[in-house]
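Here's a quick briefing on a few local features of this model. Have the structure open while you read.

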Amino acid sequence: MAHLEECPSGIVNEDTFKQIYSQFFPHGDASMYAHYLFNAFDTAQTGSVKFENFVAALSILLRGTVNEKLRWTFNLYDINKDGYINKEEMMDIVKAIYDMMGKYTYPVLKEDAPKQHVDVFFQKMDKNKDGVVTIDEFIESCQEDDNIMRSLQLFENVM
């Protein structure tokens with residue numbers, strides 16, 4: 001996906017992500033998704049990611065175990081890094097994905113499609129109905145539900 005030529009300094013920053021994703025998704029607006037994705041890679045929250053850390057994270061996503069992939073995905077959705085995914089966070093990510101895919105990819109989608117998507121996800125994932133999804137709930141739900149796994153696969157394809 002990204003090659004060292006694109007990161008001559010050995011550092012990947014948010015603009016690099018935005019450039020790469022705008023090339024992949026010319027019909028949509030990838031800037032928000034790139035922002036969240038960068039946020040997930042930038043674990044130290046320094047505003048930049050060393051290229052080797054970027055590659056290490058990518059290899060988890062490509063070759064890691066299901067558990068490792070799910071942990072990484074949880075981290076992506078947990079925007080404020082408090083250890084929980086709330087509905088707003090999930091909504092933000094799903095909206096960003098829809099924006100990135102653009103109107104051409106999903107012409108049939110209704111305006112409220114992201115909300116319905118999130119409601120269904122949440123119903124399945126929030127096992128104890130406390131309004132947030134923990135990493136354990138997330139992993140358990142994903143592993144017991146093929147549909148969730150498939151829609152996460154969809155997100156993996158946009159990695």
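**Helix H3 and its faces**

The buried residues of H3 are Phe51, Phe54, Ala57, Leu58 and Leu61, where buried means under 20% relative accessible area, exposed over 50% and partly exposed in between (1.4 Å probe, protein chains only). Seen down the axis of H3, these buried residues fall within an arc of 125 degrees, so they line one face of the helix; the arc is taken from the directions from the helix axis to the C-beta atoms. This is a predicted model, so local features need pLDDT of at least 70 and side-chain atom pairs count only at pLDDT 80 or more, while totals for chains, interfaces and linings use all residues. Residues are numbered from 1 along each chain as its sequence is written, and side-chain values use heavy atoms, with hydrogens and water left out.

- On the other side of H3, Glu52 and Arg63 are exposed.
- H3 covers residues 51-63, and its 13 residues should span 18 Å at 1.5 Å a residue, which agrees with the 18 Å between its end C-alpha atoms; the expected span is 1.5 Å times one less than the number of residues.
- Helices (H or I, at least four residues) and strands (E, at least two) are DSSP runs, numbered from the N terminus.

**Aspartate 42**

- You'll find aspartate 42 in the loop between helix H2 (31-41) and strand E2 (48-50).
- Aspartate 42 is buried yet has no salt bridge, and the nearest side chain of opposite charge, lysine 81, is 9.5 Å away. For charge, Lys and Arg count as positive and Asp and Glu as negative, with His and the chain ends not counted.
- A polar atom of the aspartate 42 side chain lies 2.9 Å from the backbone nitrogen of threonine 46, and the side chain also reaches the backbone nitrogen of glycine 47 at 2.7 Å.
- Leaving out residues up to four places away in sequence, aspartate 42 touches Gly47, Ser48 and Val49 (contact means heavy atoms within 4.5 Å).

**Salt bridges**

- The whole structure has 5 salt bridges, each a side-chain nitrogen of Lys or Arg within 4 Å of a carboxyl oxygen of Asp or Glu.
- Glutamate 14 and lysine 18 form one at 3.1 Å, N to O; both lie in helix H1 (residues 14-24), 4 residues apart, about one turn of the helix.
- Lysine 87 pairs with aspartate 119 at 3.2 Å between the closest N and O atoms. Lysine 87 is in helix H5 (residues 87-105) and aspartate 119 in helix H6 (residues 113-125), so the pair ties together parts that are 32 residues apart in sequence.
- Lysine 115 also meets aspartate 119 in a salt bridge, at 2.8 Å, N to O. Shared partners join Lys87, Lys115 and Asp119 into one network.

Terms used
Polar contact = N/O pair within 3.5 Å; in protein donor to acceptor, adjacent residues only side chain to side chain.
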